Amino acid sequence: MSNSLKASRFPFCAVVMASTNQRIVLLSQIEGPQTPEEMLSILQRVVEECSTSLVAARLEAEERRNNLRLREEQDAAYRAALEADRARERQRKEEQERLEREAAEAYKKRKEEEEAAERAAQEAAERQAALVRRRQEKALELGEEPEKGSDVTQVLFRFPNGERKERRFQSSATIESLYTYVDSLDCLNDEKYSLVSNFPRVSYGSEKYSITLKEAGLHPRASLFVEIES
């Protein structure tokens, strides 16, 4: 400090003022012994002469502080705005991901429903085709309807929907042939059923399949109800 102020004689007194960039400005320097009165007079004169510079320095320092505070406030506002933008961007991405996830789930569900509907339709078509084949097989198994005669039995079939079907059978035909005939028709959709006479009520179930129509008392005419089993 002595060298920077170029002190040549001691005691040495310097009046300095802070400046920019962490430097100091030399306002006055006093070298050699001084009386208190002389010292005080010199200092007062220096203060009076430099009052303008001191006021300007104070104003400059205040301006620097204000500018620093303003920059800090601007930086804080910028950081807050940046964080708000980032939060909005995160929210937008989360919302987009949610929508994409919901769309993917909806698409997956729709595809599963479509596949299930296709499987159900295919299964229904296969069941219907199997039912048609079964009816055709039953019709072939039944053979041609016999002509009227003394050994021919006329049977009337009444269905639950009110529909009626009538056919002739040989009196020597079995009860099972009646089921074969019903199975060859398109009146039922593969439901389980029994053939029942009304007066007197007699159920001709599987245990009577081998009995002939004549042995069952259905010759020469009979009326049977098709009763759906629950």
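Q: What separates the centres of domain 1 and domain 2?
A: Taken over C-alpha atoms, the centres of domain 1 and domain 2 are separated by 131 Å. Domain 1 covers 2-73 and domain 2 covers 144-228, bounds that come from an automatic or database domain assignment. This is a predicted model, in which local features need pLDDT of at least 70 and side-chain atom pairs count only at pLDDT 80 or more, while totals for chains, interfaces and linings use all residues. Residues are numbered from 1 along each chain as its sequence is written, and side-chain values use heavy atoms, with hydrogens and water left out.

Q: How many salt bridges are there?
A: Side chains of opposite charge can pair when their charged atoms come close. With a salt bridge taken as a side-chain nitrogen of Lys or Arg within 4 Å of a carboxyl oxygen of Asp or Glu, the count comes to 13. One of them joins Arg 45 to Glu 49, with the closest N and O atoms 3.7 Å apart. These two residues both lie in helix H1 (residues 36-49), four residues apart, which is about one turn of the helix; helices here are DSSP runs of H or I with at least four residues, strands are runs of E with at least two, and both are numbered from the N terminus.

Q: Is Glu 49 buried or exposed?
A: Glu 49 is exposed, at a relative accessible area of 55%, whereas Arg 45, at 39%, is partly exposed. The classes are buried for under 20% relative accessible area, exposed for over 50%, and partly exposed in between, using a 1.4 Å probe and protein chains only.

Q: Which side chain does Asp 183 meet in a salt bridge?
A: Asp 183 meets the side chain of Arg 134, at 3.2 Å from N to O. This pair links distant parts of the chain, since Asp 183 belongs to helix H3 (residues 175-184) and Arg 134 to helix H2 (residues 51-142), 49 residues apart. Asp 183 is buried, at 13% relative accessibility, and Arg 134 is partly exposed, at 31%.

Q: Which residues lie nearest the centre of the largest pocket?
A: Rolling a probe the size of a water molecule over the atoms shows where empty space is left. On a 1 Å grid over the protein atoms alone, a pocket is an open set of points where a 1.4 Å probe fits, with protein on both sides within 12 Å along at least five of seven lines, and lining residues have an atom within 4 Å of a point. Here 21 residues line the largest pocket, and Arg 134, Tyr 179, Asp 183, Tyr 193 and Tyr 209 lie nearest its centre. The elements giving two or more residues to this lining are H2, H3 and strand E5 (193-197).

Q: How many aromatic pairs does a search of the whole structure find?
A: A pair of aromatic rings is described by the distance of the centres and the angle of the planes. Rings of Phe, Tyr and Trp (its six-membered ring) pair if their centres lie within 6.5 Å, and planes under 30 degrees apart count as stacked, over 60 as edge-to-face and the rest as tilted. The search finds five such pairs. Among them, Phe 157 and Phe 169 are edge-to-face, at 6.2 Å centre to centre with 70° between the planes. Phe 157 and Tyr 181 form a tilted pair, at 5.1 Å and 40°. Phe 157, Phe 169 and Tyr 181 form one aromatic cluster.
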